[in-house]
Amino acid sequence: MNSVSSLSIFQRIKDYVYPSSMNGQSAHMNKNFSREDWMEQMEKFKNEVPKDKCRSLSLRGGGTKGAYEVGVIQSLFDHLPLEEFQYDVITGVSIGAVNAATLAMFDKGEEQEAIDTLKEYWFDFETDEIFVEWSTWGPIAGFWKPSFFDDTPTHNRINSRLKNPFRKRVAYQSVNINDGKVYSFDETLDPKLQGESVAASASIPVAFYPTATIGDLQLVDGGTFTDLNLQDAIDKCREVVKEDKDIIVDVVMCQSDPVKIDEMKNSWLFQ
């Protein structure tokens, strides 16, 4: 685990390898692609030629407002010049992490296919594909279980959707309830755990149980710290370009209240 921010509570998980001692601990592992496929993609990132500009898309958390994000993303694709929509980096928090991970599965040139996959993800959503009540005592069981609902369907759904290694740089965050620190995950995470790390970012505390398949972390929704991940949007672009002036970040806010830019400039996100 390497700290990459001036924030002492912010940690980035890089090159985490799924330990053999944890085999069998969870049935949620991603089995859609091999480690060889993942290593091949990592090599492509490593050998990537520095670019003149890096474009990053940051998707905010917001539960069902993730569907709104899909509409905005389609509109950006329809109205921006193609080169401005072909993002090098995609970041997200909570439901924004789910959308970001879906988009990041696709290469440049596959933008409409990526958006269509997002639409499919949202159009056929049923509540029982997100969570179900515990089989005994329902939500009341939450008083002695780790959560009021069982969100195993979310883990299964996300893992089944991640069908290949991330083709773009991607990052999303969760909070470890054991120490209150924010942990950031990216495309370098062991492929078996990529789906789990995405699900962790959307694990609403108390409602859903913490994700406990990554080391000794007990991970809950990244939105418990902040629902907008600009730190990674910038840091990941620094892997692509040499100067910060060449970084462009588009943000999808998906909130009902107007954004007060002057107030945001004074927040830690812009320090």
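These legends describe close-up views of a predicted model.

**View 1. Overview of the chain.** The chain has 271 residues, and 50% of them count as buried. Its secondary structure consists of nine helices and seven strands. Of the contacts between residues at least 6 apart in sequence, 73% join residues at least 24 apart. The accessible surface is about 12,900 Å², and carbon and sulfur atoms account for 53% of that area.

**View 2. The largest nonpolar core.** This core holds 38 residues, of which Leu59, Leu103, Phe166 and Phe185 touch the most other members. At least two core residues come from each of β2 (54-59), α2 (66-79), α4 (95-104), α5 (111-123), β4 (169-176), β5 (182-186) and α7 (194-201). Helix α4 gives the largest share, seven residues.

View 3. A separate core of six residues includes Cys54, Val89, Val240 and Ile247.

**View 4. Asp232 and Ser184.** Asp232 belongs to helix α8 (residues 230-237). The relative accessible area of Asp232 is 0%, so this residue is buried. Its side chain makes a polar contact of 2.4 Å with the side chain of Ser184.

**View 5. Salt bridge between Lys53 and Asp246.** The two side chains meet at 3.6 Å, N to O. Lys53 sits in the loop between α1 (35-46) and β2, while Asp246 sits in the loop between α8 and β7 (247-252); the pair is 193 residues apart and links distant parts of the chain. Lys53 is partly exposed at 42% relative accessibility, whereas Asp246 is buried at 12%.

**View 6. Salt bridge between Lys108 and Asp88.** The N to O distance in this pair is 2.7 Å. Lys108 is in the loop between α4 and α5 and Asp88 is in the loop between α3 (82-85) and β3 (89-92), so the bridge ties together parts 20 residues apart in sequence. Lys108 has a relative accessible area of 39% and is therefore partly exposed; Asp88, at 8%, is buried.

View 7. The side chains of Lys236 and Glu239 form a salt bridge of 3.3 Å, N to O. Lys236 is buried, with a relative accessible area of 0%, and Glu239 is partly exposed at 37%. Through shared partners, salt bridges join Arg169, Asp186, Glu187, Lys236 and Glu239 into one network. The chain has eleven salt bridges by this rule.

Key
Residues are numbered from 1 along each chain as its sequence is written. This is a predicted model: local features need pLDDT of at least 70, side-chain atom pairs count only at pLDDT 80 or more; totals for chains, interfaces and linings use all residues. Side-chain values use heavy atoms; hydrogens and water are left out. Helices (H or I, at least four residues) and strands (E, at least two) are DSSP runs, numbered from the N terminus. Buried means under 20% relative accessible area, exposed over 50%, partly exposed in between (1.4 Å probe, protein chains only). A polar contact is a pair of N or O atoms within 3.5 Å; within protein, one must be able to donate a hydrogen and the other to accept it, and residues adjacent in sequence count only if both atoms are side-chain atoms. Contact means heavy atoms within 4.5 Å. Accessible areas come from the Shrake-Rupley method with a 1.4 Å probe; for residues, only the protein chains shown count as cover. A nonpolar core is a set of buried Ala, Val, Leu, Ile, Met, Phe, Trp, Tyr and Cys residues joined through side-chain atoms within 4.5 Å. A salt bridge is a side-chain nitrogen of Lys or Arg within 4 Å of a carboxyl oxygen of Asp or Glu.
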